[in-house]
Amino acid sequence: IAEVFVELGVSKIRLSGGEPLIRENVLSLCESMGSLEGLDELVMTTNGSQLPRLASGLKAAGLKRLNISLDTLKPSKFKDLTRVGDIKKVLAGIDAACEAGFEKIKLNAVILKGRNDDEVVDLVSFAITKGVDISFIEEMPLGEITEHNREESFCSSDVIKSMLEAHWVLTPHKQGKASDGPSQYYSLSGPGIPANSITKVGFISPHSHNFCGDCNRVRVTAEGRLLLCLGNEHSADLREGLRAFPGDKERLKSVIIEAMDLKPERHEFDNSKSPDIIRFMNMTGG
């Protein structure tokens, strides 16, 4: 699948999950994909817990960039949010990733009112000390949940930005190539910010600042479906063709090209009603 996408012009592939680092052959997979001619960037989103043992191997295998999910710095809250997670492993993983020398490391945080909105400044300060970027992502209404009311707990990018502006000056950072994705980045200056700080703060705002018009991303789900948008169910079945016609790259290319017509104009997220999308992110790919 990766080979066909690259032949069709895709220059960036991200491995995600669930948690991609629990896959037994993840290093050989990265090595195979990272060597594809025409692929500029092989990147990954991970919870970071396996990085102490895998970071250097991933870098050697050709992985260039890492996104590491981190919603809190408090051990007890981290365990509550993840149910079984140990924040010490994740922090050690972040250190291991920094030592491995990836081209770019970014932390991802989903902020909810009454849950972790009191840690916004602390999370940015942590990113600064590690010399990594951080993005704040508005929660997307995917799947039915019971642990919180999405409408009441929603914390917009504008609110988070205001929290940070009470401490620092945020200056819009000129976007690089298209693969930088939907984040709107800002550089920081002010108290406690070293003059040589490289940390940028990003905001991914599917609710408050819909970015569908610039979206050039698709996802292959855990079931082998090509999903054209997170907020819609438009998809094409790649697994069926792969099993029925193994090795037929031209047929697979045709399925992918035809599927692009299904990419919708935009999504319609609404926290005030039950979600239209019943699948969770761990089924889609984070």
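A residue is called buried when its relative accessible area is under 20%, exposed when it is over 50%, and partly exposed in between (1.4 Å probe, protein chains only). The structure is a predicted model, in which local features need pLDDT of at least 70, side-chain atom pairs count only at pLDDT 80 or more, and totals for chains, interfaces and linings use all residues. Residues are numbered from 1 along each chain as its sequence is written, and side-chain values use heavy atoms, with hydrogens and water left out.

The predictor's confidence in each residue is given by pLDDT, on a scale from 0 to 100. For the protein chain the mean pLDDT is 86, and 81% of its residues reach 70 or more. Over residues 142–146 the value stays under 50; for this stretch the model has 19 contacts (heavy atoms within 4.5 Å) beyond four places in sequence.

Helices (H or I, at least four residues) and strands (E, at least two) are DSSP runs, numbered from the N terminus. Helix α10 covers residues 249–259, and its buried residues are Leu252, Lys253, Ile256 and Ala259. They lie on the same side of α10, because they cover an arc of only 125 degrees around the axis, taken from the directions from the helix axis to the C-beta atoms. The face turned away from that side carries the exposed residues Glu250, Ile257 and Glu258. The buried residues of α10 pack against α1 (2–7), β10, β11 and α9 (238–244).

Strands β10 and β11 belong to an open sheet of 3 strands, in the order β9-β10-β11 with antiparallel pairing; two strands pair if DSSP finds at least two bridges between them. β9 (219–220) and β11 (235–237) each have a single partner strand, so one side of each is left without a neighbour in the sheet. β9 pairs with β10 (residues 225–227) over 2 bridges, and Val220 has Leu226 as its bridge partner in β10.

Glu3 and Lys249 meet at 2.9 Å, N to O. Glu3 lies in α1 and Lys249 in α10, so this pair ties together parts that are 246 residues apart in sequence. Glu7 and Lys253 meet at 2.8 Å, N to O, and this pair likewise links α1 to α10, 246 residues apart. Glu7 is partly exposed at 42% relative accessibility, whereas Lys253 is buried at 14%. Glu3, Glu7, Lys249, Glu250 and Lys253 are linked in a network of salt bridges.

Notes: Salt bridge = Lys/Arg side-chain N within 4 Å of Asp/Glu carboxyl O.
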